Amino acid sequence: MLALVGHRDGARDVNVGFSLCTFLAACVLTGLVVEQGPLLVWTKAFYIDPLNVFLVTLTAFVGLTTSIFSRPYMRVERDHGKMNPGRMRLYHSMYQLFSFTMLLALTTNNMGILWVAMEAATLTTVLLVSVYRTAASLEAAWKYFILCGVGIAQALFGTVLLYMAAEKVVGAGGGSLLWTNLDAVKAQLDPNIITLAFAFLFIGYGTKVGLVPLHNWLPDAHAEGPTPVSAVLSGLLLNVALYAVLRCKVLTDGALQSELSGHLMMGFGLLSVVTAVFFIIRQRDVKRMFAYSSIEHMGLMTFAFGLGGPIANYAGLLHMTVHSLVKSAIFFAVGHATQKAGTQIMEDIRGLMKVSPTVGWGLMLGSLAILGMPPFGVFASEFLIVTTAMREQPWATPLLLIALAVAFASVFNRVQPMVFGETNVKRLAHPPALLPVFTHLGLALMLGLYIPPYLDGWYRQAAAMLGN
């Protein structure tokens with residue numbers, strides 16, 4: 001429907017309405033899992049367990065708040081001539097299709113359907129990134145399509161190898177790719193085939209995670225697409241891609257009875273953290289800077305899950321949650337700030353506190369939160385990751401601490417004049433949607449001070465499922 005009427009004023013409300021229905025359905029699903037335990041539905045086509053149910057709710061929640069943020073944001077973009085009726089229809093329809101593909105990837109029980117959903121997500125976000133139809137946005141979309149297309153092709157080959165290994169144990173047919181069947185027989189899978197399969201799957205889905213050296217698409221896609229797209233890319237797509245890697249890691253660990261997958265994830269995760277931090281120093285575009293911050297944090301999560309064990313896995317899951325909340329809040333604030341200034345160059349964005357104190361406080365508090373300032377939840381998760389690394393992999397601890405310190409100094413040094421400097425910028429014609437910004441930051445603050453028992457239970461169960 002949005003593909004036909006997405007250009008009308010009411011389409012923004014319809015987009016919010018669809019997102020609200022999705023979030024309410026996710027809450028109902030969460031209640032069922034809490035009450036009944038893991039669910040297998042539709043002849044084993046969908047499987048919901050503690051590992052994916054909180055991601056389903058998080059995805060639906062961030063999708064809802066981003067749709068609320070995009071109402072005034074896209075209206076301003078239309079008034080500035082960046083969006084015409086055709087582009088508005090494309091944006092609203094692809095936004096909902098993107099949400100569908102993310103939820104399908106999280107809930108499917110079939111590793112083949114997981115690959116299909118990730119490929120569909122690539123295609124929808126390519127269209128969203130290119131929606132402005134400028135030379136820079138088209139180039140960014142093309143780079144995104146090529147790099148992630150190559151990556152997803154590697155994941156397809158890895159899925160084929162996974163099927164080859166499973167067919168010998170489970171038997172021919174679609175059941176060989178069902179996660180529940182694979183998990184039950186993982187100890188019987190051919191170690192040689194599984195080793196090769198994980199290598200291709202890790203490269204393929206790792207491209208979507210944004211791990212170095214497969215990260216080049218991510219800064220361009222964030223910088224050139226609409227800000228709501230940047231928010232869902234950082235807050236949702238990267239999480240879902242990492243979720244796919246974790247599913248593959250569980251099978252690999254069970255088949256090999258070794259730490260090969262963990263070592264790979266620790267190595268590439270640490271490489272991503274260190275590399276991204278030194279790219280942050282060089283950035284002049286505010287969205288590109290926070291895009292490299294996303295690479296840093298995805299590397300930190302990958303490192304945590306590579307460490308394994310109940311504490312590191314718990315910390316990784318907590319970091320997935322708070323990073324999604326805080327980074328999307330930052331992009332919300334950045335979106336309003338860049339619209340006020342008419343540019344994404346940080347040197348030209350000044351005095352947000354005078355022009356719009358709420359936007360200025362949102363950007364400053366969001367930046368402090370993502371940099372690990374206590375008592376926000378990012379501090380809690382990073383503290384758990386670093387202390388676990390001190391005990392399990394002490395050689396990595398200095399690299400992590402130096403990288404986090406450099407990131408803090410670099411980002412804070414750039415954001416502070418944006419918020420408190422002198423400016424002649426005028427207010428926007430339409431009031432910004434700041435409720436999503438402070439809702440996200442409030443939740444991130446709460447998770448740094450207090451984790452509700454039901455959420456703590458999810459994290460503990462999911463951490464146990466991921467194993468050592």
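## Salt bridges, helices and cores

K168 counts as exposed because its relative accessibility is 60%, above the 50% cut-off for that class. This value, like the others in this report, comes from a predicted model. The side chain of K168 meets that of D190 in a salt bridge, with 3.9 Å from N to O. The two partners are 22 residues apart and link distant parts of the chain: K168 belongs to helix α6, whereas D190 is in the loop between α7 (179–184) and α8 (191–209). D190 is partly exposed, with a relative accessible area of 25%.

The structure holds 8 salt bridges. Three of them are set out below.

| Pair | N to O distance |
|---|---|
| D190 and K168 | 3.9 Å |
| D183 and K186 | 3.1 Å |
| R460 and D456 | 2.8 Å |

In the pair of D183 and K186, D183 counts as partly exposed at 29% relative accessibility, and K186 is partly exposed as well, with a relative accessible area of 23%. R460 counts as exposed at 54% relative accessibility, whereas D456 is buried, with a relative accessible area of 18%; the cut-off for a buried residue is under 20%. Salt bridges also link K143, D220 and R288 in a network.

Helix α6 covers residues 135–170, 36 residues in total. Does the distance between its ends agree or disagree with the span expected for such a helix? At 1.5 Å a residue the helix should span 52 Å, and its end C-alpha atoms are 50 Å apart, so the two values agree. The helix is followed by G171, whose phi is positive, near 105°.

A nonpolar surface patch of about 470 Å² is made by L123, W142, F145, I146 and V150. Helix α6 provides the largest share of this patch, with 4 residues. F145 has its place in helix α6 and is partly exposed, with a relative accessible area of 32%.

### The nonpolar cores

The largest nonpolar core has 143 residues, and those with the most contacts inside it are M118, Y205, F290, F305, L317 and L363. Helix α10 (residues 227–256) gives the most to this core, with 18 residues. Which residues does F305 contact, leaving aside its neighbours within four places in sequence? They are L242, L246, K249, M265, N313, G316, L317, M320 and L466. There is also a second, separate core of 16 residues, which includes M266, V273, V277 and L307.

I281 is found in the loop between α11 (260–280) and α12 (286–307). Its relative accessible area is 35%, and I281 is therefore partly exposed. Not counting residues up to four places away in sequence, I281 touches V406, S410 and R414. I281 and N413 are 132 residues apart in sequence, yet their C-alpha atoms are 9.8 Å apart in space.

Notes
Residues numbered from 1 in each chain as written. Predicted model: local features only at pLDDT ≥ 70, side-chain atom pairs only at ≥ 80, totals over all residues. Heavy atoms only, no water. Helix = DSSP H or I, 4+ residues; strand = E, 2+ residues; numbered from the N terminus. Expected span 1.5 Å × (residues − 1). Core = buried A, V, L, I, M, F, W, Y, C linked by side-chain atoms within 4.5 Å. Buried < 20%, exposed > 50% of the residue type's maximum accessible area, 1.4 Å probe, protein only. Contact = heavy atoms within 4.5 Å. Patch = residues over 30% accessible without salt bridge, like charges linked within 9 Å, V, L, I, M, F, W, Y side chains within 5 Å. Areas by Shrake-Rupley, 256 points an atom, 1.4 Å probe, with all protein chains shown as cover. Salt bridge = Lys/Arg side-chain N within 4 Å of Asp/Glu carboxyl O.
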